[in-house]
Amino acid sequence: MQINNVVCCGLVLMLGVVLTAVPAAAADKSDLAARAVTWEKEYNAGNLAAVQALYAPDGCRMPPNQEAVHGSEAILAQLKAGRDRGLTKVKITITAAESSGDLAYGMGTYEITGADSNHLDHGKWMNVSKKVNGTWKTQCDIFNSDMPMPASSMK
C-alpha cells in the first residue's frame, strides 16, 4: 500500500512539473527545445556541419573570453576550435523560450565535459532566433561561464 502511495505521489509531482512547463513551451513556436536537442546531439557526435546549419547564414556566436564570430564559416571554425581544445561533450538545458512573429529568444544553462568525461565548464547561454525562408535559425548566441577565471588569466 505504501508503495502505491509513493508511486501515486511521484506521478502527481511529475504531472505538475510537466504542466508548469507547458505554457513556456506553448509560447515558443520556434521550437527551440527541439533545436537545442539537435545542437547537443550533433555537436556531441562531432557533426559540426549539422550544428553550423542551425545558424542563419549571417549568424553570430559570442563565446566567452573570445571575439564574436560572424557568418557560417566563422561559426564552423569556432566550433572546430572548441572541439580541438577538448570540449567534446555539451549538455544543454532550456530555462525559458518565447517567440513573437519571426523572432524568438531562449536561455538556459550548459555543461561541457572532455573526452575523458571530466567536467570542464558550466554556465548560462542566451539565443536569439529568426525565421529564414520559413525555417527557424539561430541568429546569434552567447554563452558565459559560471566558473572563476584561472588565476593565470587574470594577470
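## The disulfide

A disulfide is a pair of cysteine sulfur atoms within 2.5 Å. This predicted model holds 1 disulfide. It joins Cys 60 to Cys 140, with an S to S distance of 1.9 Å. The torsion about the S-S bond of Cys 60 and Cys 140 is about -95°, so the disulfide is left-handed. The pair links distant parts of the chain. Cys 60 sits in strand S1 and Cys 140 in strand S6, 80 residues apart.

Are these two cysteines buried or exposed? Cys 60 is buried, and Cys 140 is buried too. The two are also partners in the sheet: Cys 60 has Cys 140 in S6 as its bridge partner. Their strands, S1 and S6, run parallel and are joined by 4 bridges.

## The overall layout

The protein has 4 helices and 6 strands. Read from the N terminus, the elements run α-α-α-β-β-α-β-β-β-β. Of its 155 residues, 33% count as buried.

## The sheet

What is the order of the strands in the sheet? The order is S2-S1-S6-S5-S4-S3. This is an open sheet of 6 strands, and its pairing is mixed. Strand S2 (69–70) and S3 stand at the edges. Each has a single partner strand, so one side of each is left without a neighbour in the sheet.

## Two hairpins

Start with S3 and S4. They pair in the antiparallel sense over 11 bridges. One of the residue pairs here is Lys 89 with Thr 113 in S4. The hairpin of S3 and S4 has 2 residues between the strands. In this hairpin, Gly 101 takes a positive phi near 65°.

Next come S4 and S5. This pair is antiparallel as well, over 11 bridges. Thr 109 stands opposite Lys 124 in S5. The hairpin of S4 and S5 has 5 residues between the strands. Ser 117, in the turn, has a positive phi of about 70°.

## A buried aspartate

Asp 141 lies in strand S6.

Which side chains make polar contacts with that of Asp 141? Tyr 55 is one of them, with a contact of 2.6 Å between the side chains. Arg 61 is another, and here the side-chain contact is 3.2 Å.

## The largest pocket

The largest pocket holds about 840 Å³ of space. Its lining has 34 residues. Which of them lie nearest the centre? They are Pro 64, Tyr 110, Ile 112, Asp 121 and Phe 143. Several elements give two or more residues to the lining. The helices among them are H2 (32–44) and H4 (72–84). The strands are S1 (55–62), S3 (89–100), S4 (103–113), S5 (119–132) and S6 (135–145). H2 gives the largest share, 5 residues.

What kinds of residue line the largest pocket? The lining divides into 21 nonpolar, 8 polar and 5 charged residues.

Methods:
Residues are numbered from 1 along each chain as its sequence is written. Side-chain values use heavy atoms; hydrogens and water are left out. On a 1 Å grid over the protein atoms alone, a cavity is a set of points where a 1.4 Å probe fits but cannot get out, and a pocket is an open set with protein on both sides within 12 Å along at least five of seven lines; lining residues have an atom within 4 Å of a point. Grid points are joined across faces, edges and corners, and a volume is the space filled by probe spheres set on the points. Ala, Val, Leu, Ile, Met, Phe, Trp, Tyr, Cys and Pro count as nonpolar, Asp, Glu, Lys and Arg as charged, and the others, Gly among them, as polar. Two strands pair if DSSP finds at least two bridges between them. Buried means under 20% relative accessible area, exposed over 50%, partly exposed in between (1.4 Å probe, protein chains only). A polar contact is a pair of N or O atoms within 3.5 Å; within protein, one must be able to donate a hydrogen and the other to accept it, and residues adjacent in sequence count only if both atoms are side-chain atoms.
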